[in-house]
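Please walk through this protein with the model open beside the text.

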Amino acid sequence: MADLEASNEPDGTTGAGVPDGTEETAPAPAAAAAPPAESRGSRAQPKTDKSEATRALILETAMRLFQERGYEKTTMRAIAAEAGVSVGNAYYYFAAKEFLIQGFYDRMTYDHAADARNRMAHTRDFAERLEIALASWLDTAAPYHEFAAQFFRTAADPTSSLSPFSNESHPARATAVALFRDVLQGSELAPKLDAELVELLPDVLWLHLMVVVLYWVFDRTDDTERTREFVRRSTPMAARVINLSRYRVFRPIVRDAKGLIQDFILPTIGKTAIK
């Protein structure tokens, strides 16, 4: 599969002499490189079919090895060897092993959004749409559950680029928030709610997904059945609370909730409060 390497990629001669089982550092470029075109840890690269195929190959190989060997025991050298590319080529697309996880986040979030939108296309019931979106995430993530805890140890560090709240995770987070915006706005409930609340709720629903993800990481039941039951039971309750917000008697509580969201939640995920 080495023929997938683009002609203007590194020749891969760097990185020699690193003992097996030792994580390498990124090879020093022969000349000063242009600033990255992406903020995901990938180096700037030509958008050709060949380069995209190489990048996808490296990512898919890494995900398979993470499943088979575990994240910590899988080195960039092993990933490159298994993919049939040079170590230099692997680093050309992913500046460090952790950015393979960023690539994984991006791909899985995209797959989740596409699957969820397809599943909920024929219902306008908000509670049903929300449950579909959450269950779709569990199904999309299921193949990676065995090594999810290894990722969580790094992602839980607030200074890590793997944190779901980090700037590096913004593209995946934006994709997920856009999905929850569709969950709400495609429902019969959205026209009945305060417009400002409709604007805020997608971010709050994404945070609800993060609670589900945290529970899922530590769930060791068959097919993560406890997490699935948590989704089935918590979703109608969340939908009822949101539905109640449209009644006048609950308006003071809704205003207080908006204030908490604007002052504490939006700044945490890098969003400016709505005035």
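Predicted model: local features only at pLDDT ≥ 70, side-chain atom pairs only at ≥ 80, totals over all residues.

Helix 4 brings M108, D111, H112, D115, A116 and R119 to the contact. Helix 5 answers with I132, A133, A135, S136, W137, D139, T140 and A141.

Now take helix 4 by itself. It covers residues 98-119.

Helix 5 is next, at residues 126-141. Its 16 residues should span 22 Å at 1.5 Å a residue; the end C-alpha atoms are 23 Å apart, which agrees. D125 caps the N-terminal end of helix 5. A side-chain oxygen of D125 lies 3.4 Å from the backbone nitrogen of A127.

Which residues of helix 5 are buried? They are F126, R129, L130, I132, A133, L134, S136, W137, L138, T140 and A141. The spacing in such a list is worth a look. An α-helix has 3.6 residues a turn, so residues three or four places apart point the same way. In helix 5, F126, R129 and I132 are among the buried residues, and so are L130, L134 and L138. What covers the buried residues of helix 5 includes helix 4, helix 7 (170-185), helix 8 (195-217) and helix 9 (225-244).

Two of those covering helices also meet each other. The axes of helix 8 and helix 9 come within 10 Å and cross at roughly 160°. Angles over 145 degrees count as roughly antiparallel. Helix 8 and helix 9 are therefore roughly antiparallel to each other. Helix 8 passes helix 9 in a right-handed crossing. On the helix 8 side, the contact uses L201, L205, H208, V211, V212, Y215 and W216. On the helix 9 side are R226, T227, F230, V231, S234 and I242.

Go back to helix 5 and pick out L134. Is L134 buried or exposed? It is buried, with a relative accessible area of 0%. Leaving aside its neighbours within four places in sequence, L134 is in contact with F180, H208, L209, V231 and T235.

H208 has a relative accessible area of 17%. Buried means under 20%, so H208 is buried. Beyond its neighbours within four places in sequence, H208 is in contact with L134 and S234. L134 and H208 are 74 residues apart in sequence, and their C-alpha atoms are 9.2 Å apart in space.

Last, step back to the whole chain. The protein has 10 helices and zero strands. Of its 275 residues, 43% count as buried. Among contacts between residues at least 6 apart in sequence, 73% join residues at least 24 apart.

Technical notes. Residues numbered from 1 in each chain as written. Heavy atoms only, no water. Helix = DSSP H or I, 4+ residues; strand = E, 2+ residues; numbered from the N terminus. Expected span 1.5 Å × (residues − 1). Buried < 20%, exposed > 50% of the residue type's maximum accessible area, 1.4 Å probe, protein only. Contact = heavy atoms within 4.5 Å. Polar contact = N/O pair within 3.5 Å; in protein donor to acceptor, adjacent residues only side chain to side chain. Axes fitted to C-alpha atoms, helices over the stretch in contact; angles between N-to-C directions. Parallel < 35°, antiparallel > 145°, perpendicular 65-115°, else oblique. Left-handed = near helix turned anticlockwise from the far one by under 90°.
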